[in-house]
Amino acid sequence: MADVVRLQFHSLRFSSSLLTSLNSLQPGLFVNQNPFRRAYALSDSSLARFAYRPRKQLVHFKVQAAVTETDQPKWWERSVPNMIDIHSTQEFLSALGQAGDRLVIVEFYGTWCGSCRALFPKLCRTAEDHPEILFLKVNFDENKPMCKSMNVKVLPYFHFYRGSEGQLESFSCSLAKFQKIKDAIELHNTARCSIGPPKGVGDLKLEPSLVQKDRPSESASA
C-alpha cells in the first residue's frame, strides 16, 4: 500500500501522493501544511463580527458631600466663664462698676479682623488660666460710638482697668506681640484693695459726631 498513514508520537505523516490527491480533491487544503487546517473565505458581514469593539468603560464618580456645620459657633462667639460680651455702653459701664478690685481686660475686636481672629484662641486660654480676671469683649461694629470716644483706632485693641485706679494702660496687640498682654497682667494683677468707686467710668460720654462708618485698621502682625 503506497498511501499509508503512520501515527508516531502523536504526529501524522502523509505520503506525497496522498497530499497530492487531497489537494486536487479539496482546494481548501494547503500542501505541506496541516491537512486539517482549512482556509475559509470570510464575507464582509463575518468580518464585521470580528471587528474590534472597544470595551465599555465604566465611569465612576466620587460624590463628596460638603456638610455645612451651621450649629458650630463663630470664632468670636466662643467664651469662658470670666469672659463677657458687651453690646452697649451701659453694659460696659455696668461691668466695670461691678468688677470691684478685679483686674478688667477689655478687648476691642472686629469679626472681619484677621489679627483678632488669630489672637482670640490664645486670649481665651489666658482667661482660663486667670479666672480672677474679668475679660470684656467689645465688638467694634456694634459699639462704634463708644469705641470712637475711647480712641480705638486699631484692632485688636486692649484696655486695662482696676477699681479706683481706673484705666491702667491701653495698647494694640497682635498674636506675635501677645507677650505684652502677659507682661501687663503680671504688672497689674497683684493683691490690692481699692477705696472708693472706680475712676474713669462715669466720665465716659458719647457724642453723635463721633459715630463714623469707617473701620479702624488692623494691628501689624509683626
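A: What follows walks through the salt bridges and then some local features around them. The model is predicted.

Start with the count. The structure holds two salt bridges. One joins the side chains of E128 and R78, at 3.9 Å from N to O. E128 belongs to helix α4, which covers residues 114–129, while R78 sits in the loop between α2 and β3, so this pair ties together parts 50 residues apart in sequence. How open are the two partners? E128 has a relative accessible area of 45%, so it is partly exposed. R78 has 37%, so it also counts as partly exposed.

The second pair is K137 and D85. Their side chains meet at 3.1 Å, N to O. K137 lies in strand β5 (residues 134–139) and D85 lies in strand β3, so the bridge links parts that are 52 residues apart in sequence. Is K137 buried or exposed? Its relative accessible area is 2%, so K137 is buried. Buried means under 20%. D85 reaches 26%, so D85 is partly exposed.

Now look at the loop between α2 (44–50) and β3 (83–86). N82 lies there. Its relative accessible area is 8%, so N82 is buried. Which residues does N82 touch, leaving out those up to four places away in sequence? They are R102, A127, H130, P131, I133, L134 and F135.

Next, the cysteines. The structure holds zero disulfides. C116 has 0% relative accessibility, so C116 counts as buried. C173 has 1%, so C173 counts as buried too.

Two backbone details remain. Most residues other than glycine have a negative phi, and most peptide bonds are trans. Keep that in mind for the next two places. N151 has a phi near 65°, a positive value in a residue other than glycine. N151 is in the loop between α5 (144–149) and β6. At 46% relative accessibility, N151 counts as partly exposed. Then comes the peptide bond that joins L155 and P156. This bond is cis, with omega about -10°. P156 itself is placed in the loop between β6 (154–155) and β7 (157–162).

To recap the pairs: E128 meets R78, and K137 meets D85.

Note on methods:
Residues are numbered from 1 along each chain as its sequence is written. This is a predicted model: local features need pLDDT of at least 70, side-chain atom pairs count only at pLDDT 80 or more; totals for chains, interfaces and linings use all residues. Side-chain values use heavy atoms; hydrogens and water are left out. A disulfide is a pair of cysteine sulfur atoms within 2.5 Å. Buried means under 20% relative accessible area, exposed over 50%, partly exposed in between (1.4 Å probe, protein chains only). Helices (H or I, at least four residues) and strands (E, at least two) are DSSP runs, numbered from the N terminus. Contact means heavy atoms within 4.5 Å. A salt bridge is a side-chain nitrogen of Lys or Arg within 4 Å of a carboxyl oxygen of Asp or Glu.
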